[in-house]
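Okay, thanks everyone for coming.

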Amino acid sequence: MSLLKRIEKGQPQTPQTPAPGQPGGSAARSGPPAPPESSKLAEMRMRRPTIAASPARDAYLELKTRVQTKLLAELDPSMDVTKTDEVRASIEELFDAVLTEENIILSRVERSRLFESIVAEILGFGPIEPFIADETITEIMVNGPKNIYIERAGRIERTSATFENADHVMRIIDRIVAPLGRRIDESSPYVDARLPDGSRVNAIIPPLSLVGPVITIRKFFKIPLTIERLIELGTVSPEAVEFMKACVQGKCNVLVSGGTGSGKTTLLNILSSFIPEDERIVTIENAAELQLRQEHVVTLESKPPNIEGRGEVTIRDLVINSLRMRPDRIIVGEVRGAEALDMLQAMNTGHEGSMTTLHANSPRDALARMETMVLMAGMDLPHRAIREQISSAIDVIVQQERMRDGSRKIVSINEVQGMEGEVITMSTLFEFEKIGIENGKVVGRFKPTGLRPKFMEKIEAAGIRLPPNIFGLGQRR
């Protein structure tokens, strides 16, 4: 019988309760009380679910730590870790030698499990490495060392995987952010980063997080989603896709709006794929996520301040700088603040066909948020002047939404028509009509409203002709 089997068959020992007169009994506990912990924090910790430690698990961790420590001591420190296959082969050779030397007998399954776990610690991201490799998982959420959650098919579920302790989580965070030249510590306790495959990472640590170090990873598909796949998933209709493609190729300015996790960046990626190959594209992001397939792409990324509080480069700085880079298109991953003013000015001064995203629950909210962000630039501009800038710059607002069943859908495509008095006017060109719920899934259809956009002349001037039936004209409704 292998070592791990013998460990798992062992019965957990029930700890002896000391007698009142013995050390650890009630007499020993009758000394001065310990300082009381914050009642709210104590209550949170009492309510928080934890995975009970078992002797089998403790023994496995002890075995893993022992083998891993010995292996690391014998591993050549000058080895180039970027050559993953060579390093993995060296680790496997040393791993076999350590098991033989320690006289540890494992079954083939147990050996493979232990080896992969140790390789993940040395070359990967520890306990979350299998979740990163699993293409069916879209989000990974680490709430302290003992609670790891994943999202699969729009549903959140808890996993049995854990970190050893908070220091273990911190080591993995450092491994993620260090190659990007970023840092995380008590003076800068949160950071945005990305994995080598482009997946978005956010980390926040104590004292801001009361549950220990927290990591949130939004994964990118190894093979980016295509527009055909979005149609297959029911995110959008073929007619709406043809219209959006015409808008991008006709150099309309597009704003993608939606809530957190609604698929804004994914849609921005797909819309960007419609840009012709002969155009120069400049992308600007906090953490580079966009995966453009064109050849002539310049990717810019903002930079946080250094440990002295200097050297920060904001999205706004990059938008201003990009205007001097002769871009045909400017794509901003997300506008969150004062950069909205510079983005609007770029759209209004010859950089047509630019695109960006923002967080908003509806197209009308998106316009209100854009107005608020322009005011954050510190310019004392009249509200009417800001609204005129917005109505002149933005042609199309695409609204995304995450449904109750976890699916993501485009719920409306809207044209910004202009000003009427003090109000920006819009018209809905396509909308998602919800029919009901069937087998836990949202059922509906994406349909045109029968309205033709006013900027069709701009699209037709680019040599693009759209049949009237795309907008539902000439159809019985």
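This is a predicted model: local features need pLDDT of at least 70, side-chain atom pairs count only at pLDDT 80 or more; totals for chains, interfaces and linings use all residues.

So, where is Met170 found? It's in helix α7.

If you set aside its neighbours within four places in sequence, Met170 is in contact with Ile205 and Pro213. Then look over at Val214: that residue is 44 residues apart from Met170 along the chain, and the two C-alpha atoms are separated by 9.2 Å.

While we're in that area, have a look at the loop between β5, residues 200–204, and β6, residues 214–218. Pro207 lies in that loop. The peptide bond running from Pro206 to Pro207 is cis, with omega near 10°.

Next up, the second largest pocket. How much space lies in there? About 640 Å³. It has 24 lining residues, and the ones closest to the pocket's centre are Thr84, Leu123, Gly124, Phe125 and Glu129. Which helices supply at least two residues each to that lining? Those would be α4 (84–102), α5 (108–123), α6 (129–133) and α7 (166–177). The one that gives the most is α5, with five residues. If you sort the lining by class, you get 13 nonpolar residues, three polar and eight charged.

Helix α11 covers residues 315–322 and helix α12 covers residues 339–348; their axes come within 8 Å and cross at roughly 20°. An angle under 35 degrees counts as roughly parallel, so that's what we call α11 and α12. The crossing of these two is left-handed. On the α11 side, the contact is made by Ile315, Arg316, Val319 and Ile320, and α12 brings in Glu339, Leu341, Asp342 and Met343. That contact of α11 with α12 divides into five nonpolar and three charged residues, with no polar ones.

In the loop between α11 and β10, residues 329–332, you'll find Arg326. Phi of Arg326 is near 55°, which is a positive value in a residue other than glycine.

Last stop is the other helix pair, α13 at residues 363–375 and α14 at residues 383–393. They pack at an angle of about 120°, with their axes 10 Å apart. Parallel, perpendicular or oblique? The perpendicular range runs from 65 to 115 degrees and roughly antiparallel starts over 145, so α13 and α14 are oblique to each other. The crossing of α13 and α14 is right-handed. From α13, the contact uses Leu367, Met370, Glu371, Val374 and Leu375, and from α14 it uses His383, Ile386, Arg387 and Ile390. By class, the contact of α13 with α14 has six nonpolar residues, one polar and two charged.

That's the tour. Happy to turn the view around if anyone wants another look.

Key
Residues are numbered from 1 along each chain as its sequence is written. Side-chain values use heavy atoms; hydrogens and water are left out. Axes are lines fitted to C-alpha atoms, for helices over the stretch in contact, and angles run from 0 to 180 degrees between N-to-C directions. Helices (H or I, at least four residues) and strands (E, at least two) are DSSP runs, numbered from the N terminus. A crossing is left-handed if the near helix is turned anticlockwise from the far one by less than a right angle, and right-handed if clockwise. Contact means heavy atoms within 4.5 Å. Ala, Val, Leu, Ile, Met, Phe, Trp, Tyr, Cys and Pro count as nonpolar, Asp, Glu, Lys and Arg as charged, and the others, Gly among them, as polar. On a 1 Å grid over the protein atoms alone, a cavity is a set of points where a 1.4 Å probe fits but cannot get out, and a pocket is an open set with protein on both sides within 12 Å along at least five of seven lines; lining residues have an atom within 4 Å of a point. Grid points are joined across faces, edges and corners, and a volume is the space filled by probe spheres set on the points.
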